[in-house]
Amino acid sequence: MLVTCSRQRWIKMTQPQSLQARYPAITQSANNFGFEDIVAKAVNDILSALGEDAKQAIYRHLENSCGISRTDIPNRIEDFANAIENTFGTVGRLIEIKIIERLHVLCSDFHYVPKNGQLDFVEYVKDLHMSL
């Protein structure tokens with residue numbers, strides 16, 4: 001809660017951090033990592049925000065009901081998107097947008113221009129793959 005935070009902590013939290021400070025494992029550029037690693041990290045980070053139990057339940061559902069293992073997600077992005085949208089409905093789209101936001105943080109050099117004027121998760125990830 002903001003009220004309980006000290007002024008120094010508030011200032012520290014509001015100051016922008018470099019990518020290196022936020023993600024120490026990424027020391028130079030996202031290009032040092034493979035496409036699969038970057039997408040897997042982004043998906044895992046966003047699902048982790050839902051809580052550990054929810055994240056594990058989603059991974060189990062993807063594996064058992066959709067045949068998509070955790071390691072398959074980057075290479076089966078269309079299947080992953082369909083599974084998330086079918087499972088969560090319109091909330092699935094919000095999850096996709098959060099994953100795009102995380103990918104943007106991890107790959108800040110990548111610039112995406114939607115082909116049809118609308119943000120498309122699968123198109124974004126495929127374009128990112130082509131750029132790496």
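This is a guided tour of a predicted model, going from its nonpolar core to its aromatic pairs and then to its surface. Local features are reported at pLDDT of at least 70 and side-chain atom pairs only at pLDDT 80 or more, whereas totals for chains, interfaces and linings use all residues. Residues are numbered from 1 along each chain as its sequence is written, and side-chain values use heavy atoms, with hydrogens and water left out.

Begin by selecting Phe80, Ile99, Leu103 and Phe121, which have the most contacts inside the largest nonpolar core, a set of 30 residues. Such a core consists of buried Ala, Val, Leu, Ile, Met, Phe, Trp, Tyr and Cys residues joined through side-chain atoms within 4.5 Å, where buried means under 20% relative accessible area, exposed over 50% and partly exposed in between (1.4 Å probe, protein chains only). Helices H3 (35–48), H4, H5, H6 and H7 are the elements that give two or more residues to this core, and H3 gives the most, with seven; helices here are DSSP runs of H or I with at least four residues, numbered from the N terminus.

Next, centre on isoleucine 99, which touches Ala42, Val43, Ile46, Phe80 and Phe121 when residues up to four places away in sequence are not counted, contact being heavy atoms within 4.5 Å.

Now display the aromatic rings. Rings of Phe, Tyr and Trp (its six-membered ring) pair if their centres lie within 6.5 Å, with planes under 30 degrees apart counted as stacked, over 60 as edge-to-face and the rest as tilted; by this rule there are three aromatic pairs. Phenylalanine 80 and phenylalanine 121 form a tilted pair, 6.3 Å centre to centre with 50° between the planes. Because phenylalanine 80 lies in helix H5 (residues 77–88) and phenylalanine 121 in helix H7 (residues 121–131), the pair ties together parts that are 41 residues apart in sequence.

Then select tyrosine 112 and tyrosine 124, an edge-to-face pair at 5.0 Å centre to centre and 65° between the planes. Tyrosine 112 lies in the loop between helix H6 (90–106) and H7, and tyrosine 124 in helix H7, so this pair ties together parts 12 residues apart in sequence. Tyrosine 112 is buried at 15% relative accessible area, as is tyrosine 124 at 5%.

Finally, turn to serine 65 in helix H4 (residues 52–66), which counts as exposed at 53% relative accessibility.
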